[in-house]
Amino acid sequence: MFRRSLLPLVRPRPSDAPGLVYDSGVEEDGLILSGTTRLPATGETYPVKGGYLDLLGGRLGGDNVANLTNFLPGAGRGYEPLWRVRSLNLLTGEDFSNEREMEIIAQKVDPGRGGLYLDLGCSAGLYTRNLANTLGDAGDVVGIDISPSMLHEAARQARKAGATPSFARADAASLPFADDSMDGAVCGGTLNELGDPARVLRETHRVLKPGARLAVMGILKARTPNGRRLQRFLSTGGIQFFAPEELEEMLDAAGFEPDLPITHGAVFFAAGTRL
Ligand SMILES: C[S@@+](CC[C@H](N)C(=O)[O-])C[C@H]1O[C@@H](n2cnc3c(N)ncnc32)[C@H](O)[C@@H]1O
(Lines give C-alpha, C1' and ligand atoms only; values in the text may rest on other atoms or scores of the structure.)
Protein backbone atom coordinates (compact mmCIF):
# COMPACT_ATOMS: atom_id res chain seq x y z
CA MET A 1 0.00 0.00 0.00
CA PHE A 2 1.33 3.40 -0.92
CA ARG A 3 -0.45 6.75 -0.92
CA ARG A 4 -0.69 7.99 -4.48
CA SER A 5 -0.37 11.66 -3.50
CA LEU A 6 3.13 10.95 -2.08
CA LEU A 7 4.54 9.54 -5.35
CA PRO A 8 5.96 12.89 -6.60
CA LEU A 9 8.25 12.92 -3.52
CA VAL A 10 9.62 9.46 -4.28
CA ARG A 11 13.03 9.66 -6.02
CA PRO A 12 14.74 6.29 -6.50
CA ARG A 13 17.87 8.45 -6.99
CA PRO A 14 18.10 11.96 -5.48
CA SER A 15 18.41 13.49 -8.98
CA ASP A 16 15.17 11.83 -10.16
CA ALA A 17 12.89 14.88 -10.10
CA PRO A 18 9.90 15.15 -10.13
CA GLY A 19 9.47 11.61 -8.83
CA LEU A 20 7.15 8.73 -9.60
CA VAL A 21 3.75 8.70 -11.29
CA TYR A 22 0.99 6.12 -11.03
CA ASP A 23 0.49 3.93 -14.10
CA SER A 24 -2.27 1.46 -13.27
CA GLY A 25 -3.49 -0.90 -10.60
CA VAL A 26 -5.93 -1.18 -7.72
CA GLU A 27 -6.55 1.93 -5.65
CA GLU A 28 -8.72 2.48 -2.57
CA ASP A 29 -9.27 5.92 -1.00
CA GLY A 30 -6.05 7.28 -2.49
CA LEU A 31 -3.97 4.25 -1.43
CA ILE A 32 -2.43 2.13 -4.18
CA LEU A 33 -2.95 -1.48 -3.07
CA SER A 34 -1.25 -3.05 -6.06
CA GLY A 35 -0.09 -1.85 -9.45
CA THR A 36 2.71 -0.11 -11.25
CA THR A 37 4.41 3.24 -10.77
CA ARG A 38 6.84 4.80 -13.24
CA LEU A 39 9.67 7.31 -13.32
CA PRO A 40 8.75 9.49 -16.33
CA ALA A 41 12.34 10.63 -16.99
CA THR A 42 13.66 7.10 -17.61
CA GLY A 43 10.56 4.94 -18.05
CA GLU A 44 11.70 2.63 -15.22
CA THR A 45 8.80 1.00 -13.40
CA TYR A 46 8.39 0.14 -9.72
CA PRO A 47 5.64 -2.23 -8.55
CA VAL A 48 3.31 -1.95 -5.57
CA LYS A 49 2.78 -5.54 -4.51
CA GLY A 50 2.62 -7.62 -1.34
CA GLY A 51 1.71 -4.49 0.65
CA TYR A 52 4.57 -2.13 -0.38
CA LEU A 53 6.18 -0.10 -3.14
CA ASP A 54 9.32 -1.98 -4.16
CA LEU A 55 12.15 0.39 -5.02
CA LEU A 56 14.96 -2.18 -4.69
CA GLY A 57 13.84 -4.98 -7.01
CA GLY A 58 16.60 -7.61 -7.19
CA ARG A 59 18.93 -5.62 -4.92
CA LEU A 60 19.26 -6.75 -1.29
CA GLY A 61 19.76 -3.29 0.27
CA GLY A 62 21.54 -2.96 3.63
CA ASP A 63 25.05 -4.13 4.18
CA ASN A 64 25.54 -6.61 6.99
CA VAL A 65 24.93 -10.24 7.83
CA ALA A 66 22.61 -9.45 10.77
CA ASN A 67 20.05 -8.16 8.27
CA LEU A 68 19.80 -11.46 6.45
CA THR A 69 17.74 -12.98 9.30
CA ASN A 70 15.03 -10.41 8.49
CA PHE A 71 14.67 -12.01 5.05
CA LEU A 72 13.83 -15.48 6.37
CA PRO A 73 10.31 -16.75 5.64
CA GLY A 74 8.12 -16.00 8.68
CA ALA A 75 10.50 -13.31 10.01
CA GLY A 76 7.82 -10.63 9.61
CA ARG A 77 5.00 -12.73 11.08
CA GLY A 78 7.01 -13.73 14.15
CA TYR A 79 8.75 -10.43 14.85
CA GLU A 80 6.18 -8.63 17.01
CA PRO A 81 4.51 -11.55 18.83
CA LEU A 82 7.77 -13.41 19.52
CA TRP A 83 10.21 -10.56 20.17
CA ARG A 84 8.84 -7.04 20.07
CA VAL A 85 6.19 -7.35 22.81
CA ARG A 86 8.77 -8.34 25.41
CA SER A 87 11.98 -6.88 24.01
CA LEU A 88 11.93 -3.68 26.05
CA ASN A 89 10.97 -5.51 29.28
CA LEU A 90 14.07 -7.65 28.82
CA LEU A 91 16.39 -4.86 27.74
CA THR A 92 15.29 -2.23 30.27
CA GLY A 93 14.61 -4.54 33.23
CA GLU A 94 11.37 -2.56 33.70
CA ASP A 95 7.74 -3.11 32.84
CA PHE A 96 8.03 -1.43 29.43
CA SER A 97 4.96 -1.88 27.24
CA ASN A 98 4.80 -0.94 23.55
CA GLU A 99 2.36 1.80 24.63
CA ARG A 100 4.91 3.32 27.01
CA GLU A 101 7.55 3.20 24.27
CA MET A 102 5.19 4.85 21.77
CA GLU A 103 4.44 7.64 24.27
CA ILE A 104 8.16 8.45 24.55
CA ILE A 105 8.64 8.32 20.78
CA ALA A 106 5.59 10.52 20.16
CA GLN A 107 6.74 13.02 22.76
CA LYS A 108 10.15 13.21 21.06
CA VAL A 109 9.06 13.35 17.41
CA ASP A 110 6.04 15.59 18.03
CA PRO A 111 3.36 14.34 15.58
CA GLY A 112 1.13 17.18 16.85
CA ARG A 113 2.83 19.23 14.13
CA GLY A 114 1.13 17.07 11.47
CA GLY A 115 2.63 16.43 8.04
CA LEU A 116 4.69 13.60 6.64
CA TYR A 117 6.70 11.22 8.88
CA LEU A 118 9.26 8.56 8.02
CA ASP A 119 9.86 5.28 9.90
CA LEU A 120 13.40 4.05 9.20
CA GLY A 121 13.64 0.24 9.23
CA CYS A 122 9.99 -0.23 10.19
CA SER A 123 10.05 -4.08 10.45
CA ALA A 124 6.44 -5.15 11.16
CA GLY A 125 5.41 -1.49 11.43
CA LEU A 126 4.82 -0.90 15.15
CA TYR A 127 5.88 2.78 14.99
CA THR A 128 4.45 3.31 11.49
CA ARG A 129 0.89 2.24 12.24
CA ASN A 130 0.80 3.88 15.69
CA LEU A 131 2.03 7.17 14.30
CA ALA A 132 -0.41 6.92 11.39
CA ASN A 133 -3.31 6.43 13.80
CA THR A 134 -2.11 9.31 16.01
CA LEU A 135 -1.83 11.63 13.00
CA GLY A 136 -5.17 10.65 11.49
CA ASP A 137 -6.16 13.19 8.83
CA ALA A 138 -3.40 15.55 10.00
CA GLY A 139 -0.66 13.65 8.23
CA ASP A 140 0.90 10.59 6.68
CA VAL A 141 3.61 8.07 7.51
CA VAL A 142 5.94 6.12 5.23
CA GLY A 143 7.60 3.03 6.69
CA ILE A 144 10.68 1.78 4.85
CA ASP A 145 12.57 -1.47 5.25
CA ILE A 146 14.73 -3.71 3.06
CA SER A 147 12.96 -6.94 4.07
CA PRO A 148 9.97 -8.07 1.95
CA SER A 149 8.79 -10.34 4.78
CA MET A 150 8.72 -7.46 7.30
CA LEU A 151 7.01 -5.05 4.90
CA HIS A 152 4.33 -7.57 3.96
CA GLU A 153 3.55 -8.08 7.65
CA ALA A 154 3.68 -4.33 8.36
CA ALA A 155 1.00 -3.68 5.73
CA ARG A 156 -1.14 -6.52 7.10
CA GLN A 157 -0.87 -5.24 10.69
CA ALA A 158 -1.59 -1.67 9.65
CA ARG A 159 -4.79 -2.65 7.88
CA LYS A 160 -5.81 -4.74 10.91
CA ALA A 161 -5.29 -1.68 13.12
CA GLY A 162 -7.35 0.52 10.77
CA ALA A 163 -4.28 2.59 9.85
CA THR A 164 -3.39 3.66 6.31
CA PRO A 165 0.34 4.41 6.18
CA SER A 166 2.51 3.78 3.13
CA PHE A 167 5.29 1.21 2.92
CA ALA A 168 8.30 1.09 0.63
CA ARG A 169 11.16 -1.35 0.21
CA ALA A 170 14.13 0.99 0.28
CA ASP A 171 17.62 1.38 1.75
CA ALA A 172 17.89 3.91 4.59
CA ALA A 173 21.44 4.66 3.45
CA SER A 174 20.10 6.09 0.14
CA LEU A 175 16.67 7.45 1.01
CA PRO A 176 14.42 7.60 -2.06
CA PHE A 177 12.76 10.88 -1.10
CA ALA A 178 13.09 14.51 -2.13
CA ASP A 179 15.15 16.94 -0.01
CA ASP A 180 13.19 18.72 2.77
CA SER A 181 10.11 16.57 2.20
CA MET A 182 9.44 15.14 5.68
CA ASP A 183 8.17 16.69 8.91
CA GLY A 184 9.64 14.09 11.25
CA ALA A 185 11.35 10.71 11.41
CA VAL A 186 11.49 7.77 13.82
CA CYS A 187 13.87 4.85 14.06
CA GLY A 188 13.18 1.97 16.44
CA GLY A 189 16.12 -0.36 16.97
CA THR A 190 17.39 0.01 13.41
CA LEU A 191 20.41 2.22 14.12
CA ASN A 192 22.08 -0.81 15.77
CA GLU A 193 21.66 -2.86 12.58
CA LEU A 194 22.95 -0.40 10.01
CA GLY A 195 26.33 -0.78 8.34
CA ASP A 196 26.81 2.99 8.17
CA PRO A 197 24.60 4.71 10.76
CA ALA A 198 26.30 8.10 10.24
CA ARG A 199 25.37 8.01 6.55
CA VAL A 200 21.74 7.14 7.40
CA LEU A 201 21.57 10.10 9.79
CA ARG A 202 22.95 12.39 7.06
CA GLU A 203 20.35 11.04 4.61
CA THR A 204 17.62 11.57 7.21
CA HIS A 205 18.81 15.16 7.66
CA ARG A 206 18.58 15.67 3.88
CA VAL A 207 14.95 14.53 3.61
CA LEU A 208 13.74 16.34 6.77
CA LYS A 209 12.57 19.95 6.74
CA PRO A 210 14.46 22.41 8.95
CA GLY A 211 12.99 22.23 12.47
CA ALA A 212 11.73 18.65 12.00
CA ARG A 213 12.36 16.17 14.80
CA LEU A 214 14.07 12.77 14.70
CA ALA A 215 13.44 10.21 17.50
CA VAL A 216 15.60 7.09 17.81
CA MET A 217 15.31 4.10 20.14
CA GLY A 218 18.14 1.60 20.34
CA ILE A 219 20.50 -0.48 22.43
CA LEU A 220 23.36 1.02 24.41
CA LYS A 221 26.95 -0.14 24.60
CA ALA A 222 27.18 -2.63 27.49
CA ARG A 223 28.78 -1.49 30.73
CA THR A 224 29.62 -4.94 32.18
CA PRO A 225 32.44 -7.26 30.99
CA ASN A 226 29.94 -10.05 30.15
CA GLY A 227 27.72 -7.64 28.23
CA ARG A 228 30.72 -6.30 26.33
CA ARG A 229 31.81 -9.85 25.43
CA LEU A 230 28.32 -10.63 24.07
CA GLN A 231 28.25 -7.39 22.10
CA ARG A 232 31.70 -8.06 20.64
CA PHE A 233 30.33 -11.39 19.36
CA LEU A 234 27.20 -9.73 17.92
CA SER A 235 29.26 -7.04 16.25
CA THR A 236 30.92 -9.69 14.06
CA GLY A 237 27.49 -9.96 12.34
CA GLY A 238 27.37 -6.19 11.87
CA ILE A 239 25.40 -5.06 14.93
CA GLN A 240 26.75 -1.88 16.56
CA PHE A 241 26.09 -0.43 20.00
CA PHE A 242 26.36 3.17 21.14
CA ALA A 243 27.23 5.13 24.24
CA PRO A 244 24.98 8.15 24.95
CA GLU A 245 27.77 10.62 24.12
CA GLU A 246 28.39 8.84 20.76
CA LEU A 247 24.70 9.29 19.88
CA GLU A 248 24.91 13.00 20.60
CA GLU A 249 28.10 13.28 18.53
CA MET A 250 26.59 11.38 15.58
CA LEU A 251 23.42 13.50 15.61
CA ASP A 252 25.45 16.68 15.86
CA ALA A 253 27.76 15.62 12.99
CA ALA A 254 24.72 14.87 10.79
CA GLY A 255 23.30 18.36 11.32
CA PHE A 256 20.90 17.88 14.24
CA GLU A 257 20.69 19.75 17.54
CA PRO A 258 20.69 16.70 19.85
CA ASP A 259 18.58 16.34 23.02
CA LEU A 260 20.23 14.71 25.99
CA PRO A 261 19.59 10.95 25.36
CA ILE A 262 17.44 9.24 28.00
CA THR A 263 18.31 5.70 29.07
CA HIS A 264 16.40 2.82 30.65
CA GLY A 265 18.65 -0.17 31.37
CA ALA A 266 20.26 -1.12 28.06
CA VAL A 267 17.90 1.04 25.99
CA PHE A 268 18.36 4.62 24.82
CA PHE A 269 15.94 7.15 23.42
CA ALA A 270 17.84 9.79 21.47
CA ALA A 271 16.38 12.68 19.53
CA GLY A 272 17.30 15.84 17.75
CA THR A 273 16.01 18.81 15.81
CA ARG A 274 17.05 19.12 12.18
CA LEU A 275 19.05 22.35 11.82
C1 LIG B 1 15.48 -3.81 14.88
S2 LIG B 1 14.52 -3.96 13.46
C3 LIG B 1 13.42 -2.56 13.55
C4 LIG B 1 12.27 -2.69 14.47
C5 LIG B 1 11.14 -1.75 14.24
N6 LIG B 1 11.58 -0.42 13.92
C7 LIG B 1 10.25 -1.76 15.45
O8 LIG B 1 10.23 -0.74 16.15
O9 LIG B 1 9.58 -2.76 15.68
C10 LIG B 1 15.57 -3.42 12.17
C11 LIG B 1 14.94 -3.41 10.80
O12 LIG B 1 15.74 -2.59 9.97
C13 LIG B 1 15.76 -3.17 8.68
N14 LIG B 1 16.97 -2.64 8.01
C15 LIG B 1 18.26 -3.02 8.20
N16 LIG B 1 19.07 -2.32 7.41
C17 LIG B 1 18.29 -1.46 6.70
C18 LIG B 1 18.55 -0.47 5.72
N19 LIG B 1 19.79 -0.22 5.29
N20 LIG B 1 17.51 0.20 5.21
C21 LIG B 1 16.24 -0.05 5.61
N22 LIG B 1 15.93 -0.97 6.55
C23 LIG B 1 16.94 -1.67 7.09
C24 LIG B 1 15.76 -4.65 8.91
O25 LIG B 1 15.27 -5.36 7.79
C26 LIG B 1 14.83 -4.76 10.15
O27 LIG B 1 13.50 -5.04 9.78
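# Reading helices, a ligand shell and buried residues

Modeller: Helix α3 is followed by Gly136, whose phi is positive, near 55 degrees. Helices (H or I, at least four residues) and strands (E, at least two) are DSSP runs, numbered from the N terminus. This is a predicted model, in which local features need pLDDT of at least 70 and side-chain atom pairs count only at pLDDT 80 or more, whereas totals for chains, interfaces and linings use all residues. Residues are numbered from 1 along each chain as its sequence is written.

Biologist: How many of the residues of α3 are buried?

Modeller: A residue is buried if 20 or more other C-beta atoms lie within 10 Å of its own, exposed if 12 or fewer, and partly exposed in between, with C-beta atoms placed from the backbone. In α3, eight of the 10 residues are buried, and the helix is mostly covered. The buried residues are Leu126, Tyr127, Thr128, Arg129, Asn130, Leu131, Ala132 and Leu135.

Biologist: What covers the buried residues of α3?

Modeller: Two residues are in contact if their C-beta atoms, placed from the backbone, lie within 7 Å. The cover over the buried residues of α3 includes the helices α1, α2 and α4 and the strands β6, β7 and β9 (182–188).

Biologist: At what angle do α1 and α4 pack?

Modeller: Two packed helices are described by the angle between their axes and the distance between the axes. Axes are lines fitted to C-alpha atoms, for helices over the stretch in contact, and angles run from 0 to 180 degrees between N-to-C directions. Helix α1 (residues 75–92) packs against helix α4 (residues 148–160) at an angle of about 65 degrees, and their axes are 7 Å apart. From α1, the residues Ala75, Gly76, Arg77 and Tyr79 make the contact, and from α4, Ser149, Met150, His152 and Glu153. For residue classes, Ala, Val, Leu, Ile, Met, Phe, Trp, Tyr, Cys and Pro count as nonpolar, Asp, Glu, Lys and Arg as charged, and the others, Gly among them, as polar. The contact of α1 with α4 has three nonpolar, three polar and two charged residues.

Biologist: How are α5 and α7 placed relative to each other?

Modeller: Angles under 35 degrees count as roughly parallel, over 145 as roughly antiparallel, 65 to 115 as roughly perpendicular and the rest as oblique. Helix α5 (residues 197–207) and helix α7 (residues 244–253) cross at roughly 45 degrees, and their axes come within 9 Å. The two helices, α5 and α7, are therefore oblique to each other. Pro197, Ala198 and Leu201 of α5 meet Met250, Leu251 and Ala253 of α7. This contact of α5 with α7 consists of six nonpolar, no polar and no charged residues.

Biologist: Which residues are closest to the ligand?

Modeller: A residue is near a molecule or strand if its C-beta atom, placed from the backbone, lies within 6 Å of it. Here 23 residues surround the ligand, and the closest are Gly121, Ser123, Ala172, Gly188 and Gly189. The elements giving two or more residues to this shell are α3 (126–135) and β7 (139–145). The shell around the ligand divides into nine nonpolar, 10 polar and four charged residues.

Biologist: Is Ser123 buried or exposed?

Modeller: Ser123 is buried, because 27 other C-beta atoms lie within 10 Å. Ser123 is found in the loop between β6 and α3, and its phi is near 50 degrees, a positive value in a residue other than glycine. Asp110 likewise has a positive phi, near 60 degrees, and is not a glycine. Asp110 lies in the loop between α2 (98–109) and β6 (115–120). With 16 C-beta neighbours inside 10 Å, Asp110 counts as partly exposed.

Biologist: What does Ile144 contact, leaving aside its neighbours within four places in sequence?

Modeller: Ile144 is in strand β7 and is buried, with 27 other C-beta atoms within 10 Å. With those neighbours left aside, Ile144 is in contact with Asp119, Leu120, Cys122, Ala168, Ala170 and Ala172. Leu120 lies in strand β6. Not counting residues up to four places away in sequence, Leu120 touches Ile144, Ala172, Ala185, Cys187, Thr190, Val200 and Thr204. Leu120 is buried, with 25 other C-beta atoms within 10 Å.

Biologist: Where does Pro18 lie?

Modeller: Pro18 lies in the loop between β1 (2–3) and β2 (21–28). A cis peptide bond joins Ala17 to Pro18, with omega about 5 degrees. Val10 is also in the loop between β1 and β2. The C-alpha atoms of Val10 and Pro176 are 5.6 Å apart, although the two are 166 residues apart in sequence.
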